[in-house]
Amino acid sequence: LERVFPRGTTFVPIAPSESADDFDVVITTAGQPVATSTTTVELREVFDGDELLRQVERLRYSPRVRTLGSSPASVLTSTLADWGFFSLPEGTGYPQALDIMLTSLEESGRLEREAAAAVREREARGTMRLDEFVAFPHVSSSTMHSILFALGVVPHLDDEPGIRAVFLMVLPHKNEFDDTVLIEAYDDIIRLASDRSLLNRLSRLHSYEQFFYFMENNFRPPEC
C-alpha cells in the first residue's frame, strides 16, 4: 500500500463491523464487504499489486477522494481495465466497432442499458468520430456511478485508410466525478491522433497489458 499511496498517508486496520465512514478510502480483502458510504476498493483473493494500483488510480477522478498523488503517463491508462480493451478484427469500421464494444459491455453488466442507448443516440445525432482514424464517443449518464472507459483498436498497415482506435467513455453526472478527466482524456487522444506512427502501432496491439506498457514507454505528459 505504501507503494500505491502518497507519502504521509495514514493506514488504519479496522474490523468489518467497525464504522469506516470517516476514512477517505477503504480497502478490503475479497469476500469481506464493509457497510460504509466511503469509496471502497476490494482486493482479489490472490494479491495483485498492479491491479490495486490501477483501481486506486481510477479513484483519482472521484470528487470524494482527494488524497492521491501524482498521475501515471495518461488518464487513458489509469481509467482502462483489462476487460475494457477490445482487439477488433481487420476491416472493422467505426459504426461496427462501436456496436461491438457497447453490446459486449452491456451483456457483461459493465454498462447499463440506458447508458449504452445514450451513446447510440448521441452518435446518431452527430458522429463523435474525430477524423478518419480516431473516434471518441462519450456521454454522461445518471445510471453510472463510476467512470467507464473502453478502447477498441482495429489493426491497419501504415498507409491503409480506416479507423484505428475507438476511445469510449461513459461518465456519471458531474456531481459524481471530477470533469477534468474528460478534458485530460480528450487532450491525450488528440496527442495520440496527431502522431500517425504511434497511432498505427497502437492499432496493432492485442491486449490491455500491451497497451499499458505501450503508453508507459511511448507517451509521457508534456513538459510544463
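# Cores, rings and salt bridges

Reader: Which residues have the most contacts inside the largest nonpolar core?

Author: Happy to start there: the largest nonpolar core has 29 residues. A nonpolar core is a set of buried Ala, Val, Leu, Ile, Met, Phe, Trp, Tyr and Cys residues joined through side-chain atoms within 4.5 Å, where buried means under 20% relative accessible area, exposed over 50% and partly exposed in between, with a 1.4 Å probe and protein chains only. The residues with the most contacts inside this core are Leu-76, Phe-85, Leu-151, Phe-167, Leu-192, Leu-202 and Phe-211.

Reader: Which element gives the largest share of this core?

Author: The elements that give two or more residues to this core are α2 (75-79), β3 (80-87), β6, β7, α5 (180-193), α6 (196-203) and α7 (208-218). Helices (H or I, at least four residues) and strands (E, at least two) are DSSP runs, numbered from the N terminus. The largest share, 5 residues, comes from α5.

Reader: Before we go on, what kind of model is this?

Author: Residues are numbered from 1 along each chain as its sequence is written, and side-chain values use heavy atoms, with hydrogens and water left out. Local features need pLDDT of at least 70, side-chain atom pairs count only at pLDDT 80 or more, and totals for chains, interfaces and linings use all residues, since the model is predicted.

Reader: Thanks! How many residues are in the other core?

Author: First, a look at Phe-211: leaving aside its neighbours within four places in sequence, Phe-211 is in contact (heavy atoms within 4.5 Å) with Leu-76, Thr-77, Leu-80, Phe-85, Leu-151, Leu-202 and Leu-205. Apart from the core described above lies another core, with Leu-111, Ala-115, Val-154 and Ile-163 among its residues, and its count is 23.

Reader: What is the angle between the ring planes of Phe-85 and Phe-211?

Author: The structure holds 4 aromatic pairs; rings of Phe, Tyr and Trp (its six-membered ring) pair if their centres lie within 6.5 Å, with planes under 30 degrees apart counted as stacked, over 60 as edge-to-face and the rest as tilted. Phe-85 and Phe-211 have their ring centres 6.5 Å apart, and the pair is tilted because the planes are at 40 degrees.

Reader: How many residues apart are Phe-85 and Phe-211?

Author: Phe-85 counts as buried at 10% relative accessibility, and Phe-211 counts as buried at 0%. Their pair links distant parts of the chain, with Phe-85 in strand β3 and Phe-211 in helix α7, 126 residues apart.

Reader: Which residues form an aromatic cluster?

Author: Phe-212 and Tyr-213 form an edge-to-face pair, 5.4 Å centre to centre with 90 degrees between the planes. One aromatic cluster is formed by Tyr-208, Phe-212 and Tyr-213.

Reader: Turning to charges, how far apart are the closest N and O atoms of Arg-120 and Asp-99?

Author: A search of the whole structure finds 4 salt bridges, each being a side-chain nitrogen of Lys or Arg within 4 Å of a carboxyl oxygen of Asp or Glu. Arg-120 lies in helix α4 and Asp-99 in helix α3 (residues 94-107), so the pair ties together parts that are 21 residues apart in sequence. Arg-120 is partly exposed at 31%, and Asp-99 is partly exposed at 38%. In their salt bridge, the closest N and O atoms of Arg-120 and Asp-99 are apart by 3.0 Å.

Reader: Which residues are linked in a network of salt bridges?

Author: Arg-113 forms a salt bridge with Glu-106, the closest N and O atoms being 3.8 Å apart, while Arg-120 forms one with Glu-106 at 4.0 Å. Arg-113 counts as exposed at 65% relative accessibility, whereas Glu-106 counts as partly exposed at 27%. The network links Asp-99, Glu-106, Arg-113 and Arg-120.

Reader: One more: how far apart are the C-alpha atoms of Leu-157 and Asn-200?

Author: Leu-157 is in the loop between β6 (148-153) and β7 (165-171), and counts as exposed at 57% relative accessibility. Leaving aside its neighbours within four places in sequence, Leu-157 is in contact with Arg-164, Asn-200 and Arg-204. Leu-157 and Asn-200 are 43 residues apart along the chain, and their C-alpha atoms are separated by 7.2 Å.
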